[in-house]
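Okay, thanks everyone for coming.

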Amino acid sequence: MGRRLRAIFVGSIGNLVEWYDFYAYAAFALYFAKSFFPEGDEVVQQLNAALLFAAGFLVRPLGGWLFGHFADHHGRRNALTLSVLMMCFGSLIIAVTPTYASIGFAAPVLLGFARIVQGISLGGEYGASATYLSEVADEKNRGFYSSFQYVTLIGGQLCAIVVLLVLQKVLLTEEQLRGWGWRTPFVIGALLAVVAAVMRRNLHETDVFTRAKSARQGSSLRALGQFRREVLLVVGLTMGGTAAFYTYTTYMQKYLKLSVKLTDDQTTMVTACSLIFAMVLQPLYGALSDRIGRKWLLIGFGLGGTLFTIPLLNTLQGVHDPFTAFLLIAAAWLIVSGYTSINAVVKAELFPTAIRATGVALPYALTVSIFGGTAESIALWFKSIGHESWFYFYLTGCIATSLVVYLTMRDTRRHSAIDREQKAR
């Protein structure tokens with residue numbers, strides 16, 4: 001038990017650092033967008049920054065395949081260590097890249113390269129960490145333990161917001177923050193990534209992976225082709241959940257500022273408080289899934305998201321005080337957590353050990369690239385053409401599509417492949 005808890009803690013902390021590095025871009029985009037995209041109004045600048053944010057998602061499938069193959073052949077621990085080192089490199093590039101005023105078009109090009117490096121890293125991180133946490137957890141509490149992947153995932157964004165609050169309120173003026181202070185979180189992230197890599201290097205490998213050495217595949221993609229149904233399930237159950245998750249995390253900060261018209265300070269506080277609320281929900285929902293099954297939570301998210309997304313966002317757009325805005329976002333998290341808390345373990349329970357990391361990472365990364373990473377860009381584009389409410393219908397459609405999958409799939413808690421070691425069915 002002690003070794004298991006330490007493994008879950010270290011694995012989760014490393015996941016937090018990775019997501020902090022990735023989310024720092026979204027949290028500070030309001031301050032550095034003008035440095036890299038000087039032309040156009042504020043919405044256009046944020047749209048340009050969001051497009052580069054989406055670029056980091058477009059390469060996540062490449063990271064999912066590379067690191068999934070690596071994790072399935074050389075161990076979950078080694079893949080986790082390598083991914084966090086790559087994230088460190090991406091953060092350092094952002095921290096030292098000159099502005100548009102200094103080097104012209106090369107500035108956004110370098111920024112885009114850094115996001116690609118981070119995207120590849122994150123594509124590998126999700127599959128490796130979801131697989132590792134699911135494999136080290138005991139069967140009766142697998143939902144609870146694996147939910148800490150999203151606790152730390154959300155915690156990474158919260159840490160980025162906390163750093164932003166400290167810089168806003170304590171250390172820097174707004175002029176300093178827009179001038180050079182936005183580089184600070186990326187320096188911090190690079191240093192934390194090095195610490196996380198050292199901690200992960202000392203993790204033990206999972207017993208499930210060690211036992212399954214003889215079942216390793218030659219080609220991960222060829223092996224994955226034997227599990228087409230499971231791959232399609234990952235795509236279907238992820239589609240609505242990832243679109244909703246990135247709506248209420250990365251996009252919500254811009255939405256509160258540009259649409260609800262809250263001040264910078266109010267936007268930061270509401271975002272931070274809603275993320276804390278979301279973090280608390282994850283282990284509660286994860287533990288509940290260990291009692292009633294994964295499927296019921298997914299169905300709850302699908303029904304709630306289909307019925308209430310449009311009313312919630314329409315109401316949120318019309319509020320004028322931060323407390324009411326927080327309550328509405330909290331209500332949304334009560335729905336979305338039905339997906340976020342257990343999606344990692346559900347995917348891990350679909351695949352046998354020899355192909356699990358690739359099976360979790362690659363189809364998930366593809367789906368997130370299409371529906372998650374683009375959510376902010378699509379929402380801002382609809383706003384830029386004067387039809388912001390169209391995004392609400394788009395999001396509802398994504399969730400409704402996933403609901404069909406939830407209603408027809410088997411409950412993975414009762415039909416888990418965690419201990420299955422054979423090459424194929």
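Before I start, one term: when I say polar contact, I mean a pair of N or O atoms within 3.5 Å, where, within protein, one has to be able to donate a hydrogen and the other to accept it. And keep in mind that this is a predicted model.

So, with that term in hand, let's go to T367. This threonine sits in helix α18, residues 356-372. A polar atom of the T367 side chain lies 2.7 Å from the backbone oxygen of P363. Is T367 buried or exposed? Buried, because its relative accessibility is 3% and the cut-off for buried is under 20%. If you leave aside the neighbours within four places in sequence, T367 is in contact with V235, T238, M239, T242 and G372.

Okay, zooming out for a second. The chain has 20 helices and zero strands. Of its 425 residues, 63% count as buried. And if you take the contacts with a separation of 6 or more, 87% of them are between residues 24 or more positions apart.

Quite a list of α3 residues is buried, including R60, D72 and H73, along with F67 and A71. Just after α3 there's G75, with a positive phi of about 110°. Then comes helix α4, residues 76-96, which packs with α3 at an angle of about 145°, the axes being 7 Å apart. Who makes that contact? From α3 it's F67, F70, A71, D72 and H74, and from α4 it's R76, N78, A79, L82, S83 and M86. By class, that's six nonpolar, three polar and two charged residues.

Next pair: α14 and α15. Helix α14 has 29 residues, which should span 42 Å at 1.5 Å a residue, and with its end C-alpha atoms 41 Å apart, that agrees too. Just after α14, G293 takes a positive phi, here about 105°. Helix α14, residues 264-292, and helix α15, residues 294-318, pack at about 125° with their axes 7 Å apart. The two are therefore oblique to each other. The α14 side of the contact is Y285, L288, S289, D290 and I292, and the α15 side is R294, W296 and L297. That makes five nonpolar, one polar and two charged residues.

While we're in α15, look at L303, which lies in that helix. L303 has a relative accessible area of 44%, so it's partly exposed. L303 and S402 are 99 residues apart in sequence, but C-alpha to C-alpha they're 9.9 Å apart in space.

Last stop, M252, in helix α13, residues 228-258. This one is buried, because its relative accessibility is 2%. What does M252 touch, not counting residues up to four places away in sequence? T247, L313, L316 and I329.

How values were computed: Residues are numbered from 1 along each chain as its sequence is written. This is a predicted model: local features need pLDDT of at least 70, side-chain atom pairs count only at pLDDT 80 or more; totals for chains, interfaces and linings use all residues. Side-chain values use heavy atoms; hydrogens and water are left out. Buried means under 20% relative accessible area, exposed over 50%, partly exposed in between (1.4 Å probe, protein chains only). Helices (H or I, at least four residues) and strands (E, at least two) are DSSP runs, numbered from the N terminus. Contact means heavy atoms within 4.5 Å. Axes are lines fitted to C-alpha atoms, for helices over the stretch in contact, and angles run from 0 to 180 degrees between N-to-C directions. Angles under 35 degrees count as roughly parallel, over 145 as roughly antiparallel, 65 to 115 as roughly perpendicular and the rest as oblique. Ala, Val, Leu, Ile, Met, Phe, Trp, Tyr, Cys and Pro count as nonpolar, Asp, Glu, Lys and Arg as charged, and the others, Gly among them, as polar. The expected span of a helix is 1.5 Å times one less than its number of residues.
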